[in-house]
Amino acid sequence: MKKHVKQGVLEKQARQLLEDRGVKIDDIAELVYYLQSGYHQELSMDECRYNVNRVLTKREVQNAVITGIELDVLAEKKLLSEPLQETIATDESLYGVDEIIALSIVNVYGSIGLTNYGYIDKQKPGILKRLNDKSTGYVHTFLDDIVGAIAAAASSRLAHSSEVHEEIVD
Ligand code: MG
């Protein structure tokens with residue numbers, strides 16, 4: 001039988017990696033607020049934060065975070081083989097695998113996350129602007145899409161939970 005990594009271990013590592021790479025829960029919650037405040041009257045940062053934390057309990061989200069950040073860090077340390085090293089280090093626009101990994105997060109609460117993800121990826125508000133600044137020396141080729149995707153998924157969750165009972169959502 002295949003051995004599975006314990007859920008708690010993955011969540012702890014995913015949260016630690018986000019923090020190590022300079023992304024706070026509040027940074028992602030702010031993106032959720034940016035996406036949803038126009039649709040929900042009296043939306044609070046607490047509610048945004050809560051939904052981000054719920055998204056981070058999902059195994060597919062944890063795996064996407066861990067995989068993407070690992071590749072970013074390896075590229076930063078120049079430890080990948082060419083031509084992948086150059087592709088990820090320079091965030092080559094035709095690569096596209098970073099977006100594919102992000103989609104496994106976006107779809108956790110259904111396909112309405114896709115619209116939010118596309119929108120936020122174009123606008124690049126808040127933390128996304130910083131992650132896309134290539135002058136810092138960091139490689140965030142995967143992380144920017146992952147953070148946008150978590151915000152998009154949290155927005156979908158928020159939209160669903162305001163329509164149906166909270167407990168049906170996850
Ligand atoms: Mg990217």
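**Entry 1: a glutamine in H2.** I started with Gln-36, which sits in helix H2. A reminder to myself before going further: this is a predicted model. Is Gln-36 buried or exposed? Its relative accessible area comes out at 5%, so I have it down as buried. Next I listed what Gln-36 touches, skipping neighbours within four places in sequence: Leu-43, Asn-116, Ser-155, Leu-158 and Ala-159.

Entry 2: Asn-116 belongs to helix H7. With a relative accessible area of 15%, Asn-116 is buried, because the cut-off is under 20%. Its own contacts, again leaving aside neighbours within four places, are Leu-35, Gln-36, Ala-152, Ser-155 and Ser-156.

**Entry 3: H2 against H3.** I stayed with H2 and checked how it packs on helix H3, residues 45-55. Two packed helices are described by the angle between their axes and the distance between the axes. For H2 and H3, the axes come within 8 Å and cross at roughly 115 degrees. The two helices are therefore roughly perpendicular to each other. I noted the crossing of H2 and H3 as right-handed. Which residues meet there? From H2 I wrote down Ile-25, Asp-26, Ile-28, Ala-29, Glu-30, Val-32 and Tyr-33. On the H3 side they meet Met-45, Cys-48, Arg-49, Val-52 and Asn-53.

Entry 4: Most residues other than glycine have a negative phi, and most peptide bonds are trans. I went looking for exceptions. Glu-42 has phi near 60 degrees, a positive value in a residue that isn't glycine. Glu-42 is in the loop between H2 and H3, and at 78% relative accessibility it counts as exposed. Asp-91 is another such case, with phi near 55 degrees, and its place is the loop between H5 and H6. Then I checked omega: the peptide bond from Glu-82 to Pro-83 is cis, near 5 degrees. Pro-83 is in the loop between helix H4 (59-76) and H5.

**Entry 5: a glutamate in the H5-H6 loop.** While on that loop I also looked at Glu-92, found between H5 and H6. At 39% relative accessibility, Glu-92 counts as partly exposed. I took its C-alpha distance to Arg-130: 18 Å in space, for 38 residues in sequence.

**Entry 6: aromatic pairs.** How many aromatic pairs are there in the whole structure? My search came back with two. Tyr-34 and Tyr-119 form a stacked pair, with 6.3 Å centre to centre and 25 degrees between the planes. That pair links distant parts of the chain, with Tyr-34 in H2 and Tyr-119 in helix H7 (residues 113-123), 85 residues apart. Tyr-95 lies in the loop between helix H5 (84-89) and H6, and Phe-142 in the loop between helix H8 (127-131) and H9, so the pair ties together parts 47 residues apart in sequence. Phe-142 counts as buried, with 0% relative accessibility.

**Entry 7: the magnesium ion.** Last stop was the metal. Which residues coordinate the magnesium ion? I got Asp-98, Asp-144 and Asp-145 through OD atoms, plus Thr-141 through its O, at 2.1 to 2.7 Å. Along the chain the donors follow the spacing D-x42-T-x2-D-D. Asp-98 in helix H6 (residues 97-106) and Asp-144 in helix H9 (residues 143-163) link distant parts of the chain, 46 residues apart. I checked accessibility for these two aspartates as well: Asp-98 is buried at 5% relative accessible area, and Asp-144 is buried at 7%.

Key:
Residues numbered from 1 in each chain as written. Predicted model: local features only at pLDDT ≥ 70, side-chain atom pairs only at ≥ 80, totals over all residues. Heavy atoms only, no water. Donors = N, O, S within 2.8 Å, 3.2 Å for Na, K, Ca; no water. Helix = DSSP H or I, 4+ residues; strand = E, 2+ residues; numbered from the N terminus. Buried < 20%, exposed > 50% of the residue type's maximum accessible area, 1.4 Å probe, protein only. Phe/Tyr/Trp six-rings, centres within 6.5 Å; stacked < 30°, edge-to-face > 60°. Contact = heavy atoms within 4.5 Å. Axes fitted to C-alpha atoms, helices over the stretch in contact; angles between N-to-C directions. Parallel < 35°, antiparallel > 145°, perpendicular 65-115°, else oblique. Left-handed = near helix turned anticlockwise from the far one by under 90°.
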